Amino acid sequence: NVKWIERVEFTAKDEDFGTYQDNGYTDDGTISVTSKATQPLARGEFQAGKVKIIGMAFSGAAGISKVEVAIDDGSFAEARIVPIDELLKDSKLTSLINQTEQLKNVADRPYPFRGVWVKWDFEWDAPKGEHTIRIKASDKSGKSQPETDTNDKDGFNNISEIKVTVT
């Protein structure tokens with residue numbers, strides 16, 4: 001939080017230093033591709049039948065090109081990235097979206113924008129049982145979330161996974 005800053009130092013050299021860098025975290029400032037489900041939530045419970053899985057995806061390197069969803073051990077299927085004009089129809093989001101610098105110049109920066117969350121959704125005919133929902137995003141530069149992430153300090157975010165119960 002900014003109110004806790006006591007001092008700022010400038011250096012002539014561009015080298016990694018500080019608590020996080022000393023512990024191995026990256027310092028290139030680029031946020032890796034990531035995705036999350038916002039509905040249903042992990043450990044959620046719901047009725048069998050048509051379910052809309054909803055979430056957000058983000059990349060600091062380029063706009064999101066696709067989001068994919070896999071159920072249990074199934075293969076990934078492409079989710080729908082919600083178009084910007086559909087988002088602008090939501091009165092709760094309109095004022096927030098209109099504040100983005102990218103929207104002011106859409107011709108130069110096509111949607112989905114770099115560095116701005118995109119909403120996605122996926123229709124699923126959910127059968128009864130315990131299920132694992134896996135979510136993977138890719139960006140326009142060709143980067144995707146890795147299957148696994150063995151280094152939690154490298155800025156990469158592995159494929160999201162949530163467990164749900166369908167009754």
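User: How many bridges join β3 to β7, and how do the two strands run?
Analyst: Nine bridges join β3 to β7, and the two run antiparallel. Keep in mind that this is a predicted model.

User: Ok. Which residue in β7 is the bridge partner of Val51?
Analyst: Trp124 is the bridge partner of Val51 there.

User: What else does β3 pair with, say on the β1 side?
Analyst: Strand β1, residues 34–39, is joined to β3 by five bridges, and these strands run antiparallel. Lys36 stands opposite Met56 of β3 in that pairing.

User: Back to Trp124. How many aromatic pairs are there?
Analyst: The count comes to two aromatic pairs. In one of them, the ring centres of Phe46 and Trp124 are 6.4 Å apart and the planes sit at 80°, so that pair is edge-to-face.

User: Where do Phe46 and Trp124 lie?
Analyst: Phe46 is in strand β2 (residues 44–46) and Trp124 is in strand β7 (residues 118–126), so the pair ties together parts 78 residues apart in sequence.

User: Are Phe46 and Trp124 buried or exposed?
Analyst: Both Phe46 and Trp124 are buried.

User: And what about Phe58 and Trp117, how does that aromatic pair look?
Analyst: Phe58 and Trp117 make a tilted pair, 5.2 Å centre to centre with 35° between the planes. Phe58 belongs to strand β3 (residues 49–58), while Trp117 is in the loop between α3 (91–98) and β7, so to speak a link across distant parts of the chain, 59 residues apart.

User: Which of those counts as buried, and which is partly exposed?
Analyst: Phe58 counts as buried because its relative accessibility is 9%. Trp117 is partly exposed, at a relative accessible area of 41%.

User: While we're on rings, what lies over the face of Phe76?
Analyst: Lys136 does, at 4.6 Å from the ring centre of Phe76.

User: Switching to the core. How many residues has the largest nonpolar core, and which have the most contacts inside it?
Analyst: That core has 27 residues, and the ones with the most contacts inside it are Ile53, Val67, Val69, Trp120, Trp124 and Ile133.

User: Which elements give two or more residues to this core?
Analyst: They are β3, β4 (64–71), α2, β7, β8 (129–139) and β9 (160–166). Among these, β7 gives the most, with five residues.

User: Which residues is Ile133 in contact with, leaving aside neighbours within four places in sequence?
Analyst: Ile133 is in contact with Pro40, Ile53, Val69, Ala70, Ile71, Trp124, Ser160, Glu161, Ile162 and Val164. Ile53, Val69 and Trp124 are also among the core residues with the most contacts.

User: What is Val82 in contact with, neighbours within four places aside?
Analyst: Val82 is in contact with Leu87, Tyr111, Lys119, Trp120 and Asp121. C-alpha to C-alpha, Val82 and Val118 are 7.4 Å apart in space and 36 residues apart in sequence.

User: Now charges. How many salt bridges does the structure hold?
Analyst: It holds nine salt bridges. One of them is Lys52 with Glu123, where the closest N and O atoms are 3.9 Å apart.

User: Why does the pair of Lys52 and Glu123 tie together separate parts?
Analyst: Because Lys52 lies in strand β3 and Glu123 in strand β7, the pair ties together parts that are 71 residues apart in sequence. Lys52 is partly exposed, with a relative accessible area of 35%.

User: What about Glu68, what does it form a salt bridge with?
Analyst: Glu68 forms a salt bridge with Lys66, with 3.9 Å between the closest N and O atoms. Glu68 counts as buried at 12% relative accessibility, whereas Lys66 is partly exposed at 29%.

User: And where do Arg134 and Glu147 lie?
Analyst: Arg134 is in strand β8 and Glu147 in the loop between β8 and β9, so the pair ties together parts 13 residues apart in sequence. Their side chains meet in a salt bridge at 2.2 Å, N to O. Arg134 is buried, with a relative accessible area of 13%.

User: Last one: which residues do salt bridges that share partners join into one network?
Analyst: Lys52, Arg80, Glu86, Asp121 and Glu123 are joined into one network.

Technical notes
Residues numbered from 1 in each chain as written. Predicted model: local features only at pLDDT ≥ 70, side-chain atom pairs only at ≥ 80, totals over all residues. Heavy atoms only, no water. Phe/Tyr/Trp six-rings, centres within 6.5 Å; stacked < 30°, edge-to-face > 60°. Helix = DSSP H or I, 4+ residues; strand = E, 2+ residues; numbered from the N terminus. Buried < 20%, exposed > 50% of the residue type's maximum accessible area, 1.4 Å probe, protein only. Lys NZ or Arg CZ within 6 Å of the ring centre and 35° of its normal. Pairing = 2+ DSSP bridges. Contact = heavy atoms within 4.5 Å. Core = buried A, V, L, I, M, F, W, Y, C linked by side-chain atoms within 4.5 Å. Salt bridge = Lys/Arg side-chain N within 4 Å of Asp/Glu carboxyl O.
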